[in-house]
Amino acid sequence: MPPAPTEADVLSALDGVSAALVEAKASPLIRSRVDRIDRLVRATLPRLAALGLGSADAYAVVATATSYLPEAVAGYLRLPRDWADTRPIDAGRTALMMLVDQLELLGSTMVKVLDAANHSDAAALIAHGRFLEAKFGAPSGGGVLDVSSGTPLPSPSSEGSPQSGSPPSPSTNSLDLE
């Protein structure tokens with residue numbers, strides 16, 4: 001039984017597909033879809049342990065890069081371009097249309113796998129936030145952050161907030177530094 005592909009094998013397979021597309025002067029329609037799959041696989045690779053190395057999702061990532069994607073692209077590239085792009089071969093669909101459908105399926109699958117890989121860390125962040133809220137109370141800004149300044153925004157409800165123009169009430173939070 002051959003050894004399982006390594007991360008280097010996966011990256012090499014992705015590089016090979018990209019090189020084949022460049023060499024064949026494949027259309028931007030194909031290259032953009034392959035580039036999307038390439039980015040998703042590369043983003044997922046460091047997260048494979050979060051999926052479980054023996055999981056179906058981890059297998060799908062490796063198989064997509066080393067088998068499914070290269071075989072789909074190679075099958076299309078073996079055909080003469082004009083024939084592949086214009087001649088219906090299956091239910092009125094050309095080889096180009098079939099390849100686009102296959103690439104869309106691989107891309108949407110890799111999105112789901114990346115989401116699954118990130119889910120455990122997202123769940124841990126949520127659990128930690130709930131722990132902190134239970135320990136110290138809800139954030140004063142209602143949990144909404146102004147990303148430009150990094151400061152909490154005022155709560156959307158005006159209940160319990162000072163009237164405009166009146167000075168803010170002193171904080172009862174012992175962790176405030178003011």
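Mentor: Let's take Arg42, which lies in helix H2; helices here are DSSP runs of H or I with at least four residues, strands are E runs of at least two, and both are numbered from the N terminus. Keep in mind that this is a predicted model, where local features need pLDDT of at least 70, side-chain atom pairs count only at pLDDT 80 or more, and totals for chains, interfaces and linings use all residues. Residues are numbered from 1 along each chain as its sequence is written, and side-chain values use heavy atoms, with hydrogens and water left out.

Trainee: Okay. Why does Arg42 count as partly exposed?

Mentor: Because its relative accessible area is 30%; buried means under 20%, exposed over 50%, and partly exposed is in between (1.4 Å probe, protein chains only).

Trainee: And what does Arg42 touch?

Mentor: Not counting residues up to four places away in sequence, Arg42 touches Leu11, Leu14 and Asp15, where contact means heavy atoms within 4.5 Å. The C-alpha atoms of Arg42 and Val61 are separated by 9.3 Å, with the two residues 19 apart along the chain.

Trainee: What about Asp38, buried or exposed?

Mentor: Asp38 is buried, at a relative accessible area of 10%. Asp38 is in helix H2 too, and leaving aside neighbours within four places in sequence, Asp38 is in contact with Leu14 and Ser18.

Trainee: Switching to the core: which residues have the most contacts inside the largest one?

Mentor: Ile30, Val34, Val41, Leu69 and Met110, in a nonpolar core of 33 residues. Such a core is a set of buried Ala, Val, Leu, Ile, Met, Phe, Trp, Tyr and Cys residues joined through side-chain atoms within 4.5 Å. Helices H1 (7–23), H2 (28–44), H3 (48–51), H4 (56–77) and H6 (95–136) each give two or more residues to this core, and the largest share, ten residues, comes from H6.

Trainee: What is Val41 in contact with?

Mentor: Beyond neighbours within four places in sequence, Val41 is in contact with Val10, Leu14, Val61, Thr64, Ala65 and Met110.

Trainee: Where does Arg81 sit relative to Tyr76?

Mentor: Arg81 lies over the face of Tyr76, 4.2 Å from the ring centre. The rule asks for NZ of Lys or CZ of Arg within 6 Å of the ring centre and within 35 degrees of the ring normal.

Trainee: Last one: how many helices and strands in total?

Mentor: Six helices and four strands, in the order α-α-α-α-α-β-β-α-β-β along the sequence. Of the 178 residues, 25% count as buried.
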